[in-house]
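Here is a short briefing to read alongside your model. Keep the structure open as you go, and pick out each residue when it comes up.

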Amino acid sequence: MESSSPSATSVPDEREVQRAALVNHRQRLTDALALAPYDLILYLERAVVYSDLAYPDLAAGDAYRALLLTDEVLNEGFEYHEQAKESLEAHSTEPYPKVLDHGVLLANMNTTADGEGVDGSEPYRQLATTASVRCFQILSLSLLLCGCLASASDFVQKGLKILPGNKELLEIKGYIEQVARRRLRLKPDEPIDFHDLPDTGAVRREIYPWNTYEPDRFSEESLSFLNGQLETMAPKCAVKVSCLPVLLEGESNTDEYEIIPTCNQLGLFAKEDIAPGEAVLKEYSLLTANNRHKESTCDACGTELPPLKVQATAVNCPECYDTVFCDEFCFSQAQEQYHPAVCDKDVDSIAKDPDAKDVAESLYLLLLARLLAMSNHQEVHPLALKEIKYIWGDFVPTQLNDIDLSVNAGPPPEWTLPFSFKYNIEIPLHVLEKMDIDIFETLPQHDLWVFNTAYSKFRGTASARKGLRDGRPEVAAVHPFWCLANHDCDPNVTWEWGGRMTLFARETRVVGNRPGGIKAGEEILNHYCDVDLPVKDRREWAQGALGGWCMCKRCRDEAAATNGSD
């Protein structure tokens, strides 16, 4: 029988109250940064709030911006020196900011310049040096919690170079070494080769509580917009709500169940019959990336450039001649949507020709760089651009990502968004600086949570094309309507990408070699991975790209058959 007491459901628990207070505090600090974007103390204060909210990646992002501002304060020739100095001078009289009162940091404020002492220095310079040590403390601990051991070690060493005896930094250094020994499987007396340390971890993949850009994808307004856009690309299709199996965190015993958990997502559905081999969708996108330097691909659509000849259709940008487009249409689209933001800005060499281990990350980064160029040129927030606005990022509910610190807490959650200091923080900010964008004044558009949200949407939906030279992925693209066709390991379509993304109805289905074609009312079932892979490999791909194991009927049937034969 239901309880009649309103307190049974209306009283929030203490953790919810504390979290709400922290989220509100985070918003106040964000509002303050909008008025004082060069105030490094505000960044440090927000970093501490992010730490308390269990967002170590966002804490690292704010600590790094604060660190950059300490450099601005201490170097008169730097671009934002005067603004950063003026902001810090407001904090240069006692009582000093509480965020710096950590351990004995303030007590050592006069002796933190490479151990030599800064007596007689102007107060703001002493404060900037002290603040830099606080930045290194937050950066090293936060990156350790993210699993980025190499970057964490680098920052702790930089902090100890300024203040060698700092207790907090020495403790963090000890934590890093403990985790490194476990990860590298070293004995207590074996030396650690810090070049071998992993530098990629995982963080929360969610719709952040303060993200106001995520639309109601199932609303009539959203569906009407999407179907209006779809009419010219896929006249026989419509966007509707689809019921899909929930991705699981890992192996389970549910593969033989007839009823499994489901969730609603958007999908493409046939409005009328589509014959085998018939084109289902043809989509053009400028959200592309190429990680080869001086490669013969169109800068806009990513297709191979036409061969050199008298009647060649390729067009060079008149301002930065090395940038080439396959034809006049791509050139005009680029000029209209993104290219002026990067034209002759020396952005082209960033993240090109990466090491084999960084190939995928470089493509995701370059997709982010293109998104930022589109946002800057069109003067639209990155998350409001139609190219990614309606893409689902395989987000996990915030409450499932939270860490329970209570005595009776279960194991911590498994965060699913791949993360590194280099590709999530350092290089994106470098790209913006190359584009002559003030990374402090434009914080609302270029906060780290914005980058993470874009990455969440790219992973699992971006398609890639391998190069002929070494078989490595070298061109990637996001086609927002192509990825509305949901993944299934027994797809009814196949696809080709060469300037335009084209979906074709399959001639035959993968399972049972059944006849192809799509009947009116049926959902368009796409494939995001190689469907010829065995079920274990397909599910491992889905775990990395989509954040969970594929639970399509084919995967469940094949896994159940495999388990039954063991």
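Rings of Phe, Tyr and Trp (its six-membered ring) pair if their centres lie within 6.5 Å; planes under 30 degrees apart count as stacked, over 60 as edge-to-face and the rest as tilted. With that in hand, one aromatic cluster to find is formed by Tyr 50, Tyr 55, Tyr 208, Trp 210 and Trp 449.

The model is predicted, and local features need pLDDT of at least 70, side-chain atom pairs count only at pLDDT 80 or more, while totals for chains, interfaces and linings use all residues. Residues are numbered from 1 along each chain as its sequence is written, and side-chain values use heavy atoms, with hydrogens and water left out.

**Aromatic pairs**

- There are 18 aromatic pairs in the structure.
- In one of them, the ring centres of Tyr 64 and Phe 421 are 5.0 Å apart and the planes stand at 85 degrees, so this pair is edge-to-face.
- Tyr 64 belongs to helix α4 and Phe 421 to helix α14, so the pair ties together parts that are 357 residues apart in sequence. (Helices are DSSP runs of H or I with at least four residues, strands are runs of E with at least two, and both are numbered from the N terminus.)
- Tyr 64 and Phe 421 are both buried, where buried means under 20% relative accessible area, exposed over 50%, and partly exposed in between (1.4 Å probe, protein chains only).

**The largest cavity**

- A cavity is a set of points, on a 1 Å grid over the protein atoms alone, where a 1.4 Å probe fits but cannot get out; a pocket is an open set with protein on both sides within 12 Å along at least five of seven lines, and lining residues have an atom within 4 Å of a point.
- Grid points are joined across faces, edges and corners, and a volume is the space filled by probe spheres set on the points.
- By this rule there is one cavity of 30 Å³ or more, and the volume of the largest cavity is about 30 Å³.
- The residues lining the largest cavity are Gly 61, Arg 65, Asn 424, Ile 425, Leu 429, Leu 448 and Phe 451.
- At least two lining residues come from each of α4 (56-74), α14 (421-434) and α16 (448-458), and α14 gives the most, with three residues.
- This lining has four nonpolar, two polar and one charged residues. (Ala, Val, Leu, Ile, Met, Phe, Trp, Tyr, Cys and Pro count as nonpolar, Asp, Glu, Lys and Arg as charged, and the others, Gly among them, as polar.)

**The largest pocket**

- The largest pocket holds about 1300 Å³ of space.
- Its lining has 50 residues, and Pro 245, Val 246, Leu 247, Cys 263 and Asp 394 lie nearest the centre.
- Two or more lining residues come from each of β2 (237-245), β3 (262-270), α13 (398-401) and α18 (553-565).
- By class, the pocket lining has 26 nonpolar, twelve polar and twelve charged residues.

**Sheet β5-β10-β9**

- Three strands make an open, antiparallel sheet in the order β5-β10-β9; two strands pair if DSSP finds at least two bridges between them.
- β5 (288-290) and β9 (463-466) are at the edges with a single partner strand each, so one side of each has no neighbour in the sheet.
- β5 is joined to the antiparallel β10 (residues 473-477) by three bridges, and Thr 288 has Ala 477 in β10 as its bridge partner.

**Sheet β4-β12-β11**

- Another open sheet has three strands in the order β4-β12-β11, again with antiparallel pairing.
- Its edge strands, β4 (279-283) and β11, each pair on one side only.
- Five bridges link β11 (residues 493-497) with the antiparallel β12 (residues 501-505).
- In β12, Met 501 is the bridge partner of Trp 497, and Leu 503 stands opposite Trp 495.
- β11 and β12 form a hairpin with three residues between them, and Gly 499 in the turn has a positive phi of about 90 degrees.

**Two helix residues to look up**

- Tyr 175 sits in helix α8 (residues 167-184) and is partly exposed, with a relative accessible area of 41%.
- Lys 161 sits in helix α7 (residues 149-162) and is exposed, at a relative accessible area of 63%.
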